[in-house]
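Colleague: Could you show me the model you have been working on, and then let me ask a few things about it?

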Amino acid sequence: MRSYTLIAPAKINLYLEIIGDRADGYHELVMILQSIDLADQIELHSIDSETIRVHCDHPQVPTDKSNLAYRAAELMATQFPEAFRKYGGVEITVNKHIPVAAGLAGGSTNAAAVLVGIDLLWNLGLTQSELEELGASLGSDVPFCVAGGTAIATGRGEQLSPLPSLDTIYIVLAKYRSLEVSTAWAYKTYRQQFGNTYIRNTEDLAARAAAVHSGGIVKAIFDKDTAEIAQKLHNDLERVVLPAYPQVLHLREVFANQAGVLGTMMSGSGPTVFALVESFQQAEAVKLNITEAISSEDLELFVTRMTTHGIQIVSSV
Ligand SMILES: C[C@](O)(CO)[C@H](O)COP(=O)(O)OP(=O)(O)OC[C@H]1O[C@@H](n2ccc(N)nc2=O)[C@H](O)[C@@H]1O
Ligand SMILES: Nc1ncnc2c1ncn2[C@@H]1O[C@H](COP(=O)(O)OP(=O)(O)OP(=O)(O)O)[C@@H](O)[C@H]1O
């Protein structure tokens, strides 16, 4: 029997612009995605019977077929039936550290780790772009989670181009444990309220180029100008999530008023709010101040930093 242990990092969105709707019901996006050092640990074991089993100690995470890690293993079994028969089933243990339903791609990164791990377990020799393509059928954020680092994402979020690495910026993250925002609800509400601003033909490259405003932050990333990156953070989904969730709006305001915070934004469809901070010491100070300012048992805070890697293998037996 063989086993692998993998590290599956969360992501934040430094930039999220919705430029159009698509025939498949999704939205045409321009995003900048960034891996962070907050990560789950995934263990994969080959087992004798041709089954998939998932274990997770987090009460909000299902262990049945609705778990994205399960769905990733099922996809591999369907795509590579001979390998599934030859090597047997897989037992997956998810050690959760990433807050759930947070806009941090927790499920997506677990799925990415399972794709990478099963590729190794079954000696498939898939390329990164093949793994990303498989990931795209599981969720829009999964290809980025396979790749990791810093990237610009277009299409529904699955088309990736790498950007220069940003590995020294510290981050404070905050999320109310009891608060969850549905991604489908956020996009649907945005379409209802702001769909009149969309470009109608998303195939029209000139119209798409004119609609996109990400140039400033992309330049700042190339310049490695942390203060400018922080000034240019953007997320269109804030326009619907902040008015509907006053606690998130409040958190965002408290963050913005902290000394040492260079910029603050909601990640993805929320409700996590993050702040970019210049040093580890400042990040710890911001965390302490926010804990005192909000003083709620329901609020969880993390100090982390940007990272250059996606899924990593930490051990194999
Ligand atoms: C909010 C983000 O996390 C930002 O990175 C992503 O855009 C969402 O990524 P995800 O959770 O992997 O998304 P998916 O599982 O593919 O889709 C969840 C739901 O979000 C909506 N959705 C998602 C991506 C997209 N480009 N347009 C959409 O309208 C769809 O209603 C879909 O049913
Ligand atoms: N492996 C998994 N880890 C976490 N949640 C999972 C997993 N599989 C399924 N889920 C379910 O998916 C829902 C969304 O959780 P997840 O942590 O992936 O959200 P998210 O961080 O908002 O994702 P994204 O940023 O990609 O939209 C949860 O309500 C949870 O029940």
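Colleague: Fine, but what should I know about the model before reading numbers off it?

Modeller: This is a predicted model, in which local features need pLDDT of at least 70 and side-chain atom pairs count only at pLDDT 80 or more, while totals for chains, interfaces and linings use all residues. Residues are numbered from 1 along each chain as its sequence is written, and chains are lettered from A and ligands numbered from 1 in the order in which they are written.

Colleague: OK, which domains is the chain divided into?

Modeller: There is domain 1 (3-164 + 308-316) and there is domain 2 (170-305), with bounds that come from an automatic or database domain assignment. Their C-alpha centres lie 23 Å apart, and the contact between them takes 27 residues from domain 1 and 38 residues from domain 2, two residues being in contact if their C-beta atoms, placed from the backbone, lie within 7 Å.

Colleague: And which elements give two or more residues to the domain 1 side of that contact?

Modeller: Those are β1, β2 and β5 (150-154), where strands (E, at least two residues) and helices (H or I, at least four) are DSSP runs numbered from the N terminus. The largest share, 10 residues, comes from β1. By type, this side of domain 1 divides into 17 nonpolar, 5 polar and 5 charged residues, with Ala, Val, Leu, Ile, Met, Phe, Trp, Tyr, Cys and Pro counted as nonpolar, Asp, Glu, Lys and Arg as charged, and the others, Gly among them, as polar.

Colleague: Switching to the ligands, which residues come nearest to ligand 1?

Modeller: Of the 19 residues around ligand 1, the nearest are G139, S140, R156, Y187 and G268, a residue being near if its C-beta atom, placed from the backbone, lies within 6 Å of the molecule. The elements giving two or more residues to this shell are β1 (3-21), β2 (27-47) and α6 (183-194), and domain 1 and domain 2 each contribute at least three residues to the shell.

Colleague: Where does ligand 2 lie relative to the domains?

Modeller: Ligand 2 lies between domain 1 and domain 2, because both give residues to its shell. Of the 22 residues around ligand 2, N67, A105, G106, G107 and N110 come nearest, and the largest share of the shell, 4 residues, comes from α3.

Colleague: Back to α6, which of its residues are buried?

Modeller: A186, Y187 and Y190 are buried in α6, meaning that 20 or more other C-beta atoms lie within 10 Å of their own, whereas 12 or fewer makes a residue exposed and anything in between partly exposed, with C-beta atoms placed from the backbone. They sit on the same side of α6 because they cover an arc of only 90° around the axis, taken from the directions from the helix axis to the C-beta atoms. The buried residues of α6 pack against β1, β2 and α10 (238-244), while the face turned away from them carries the exposed residues A184 and Q192.

Colleague: Last one, why does A113 count as buried?

Modeller: A113 counts as buried because it has 32 C-beta neighbours inside 10 Å. A113 is found in helix α3 (residues 106-121) and, not counting residues up to four places away in sequence, touches L6, A8, I42 and I311.
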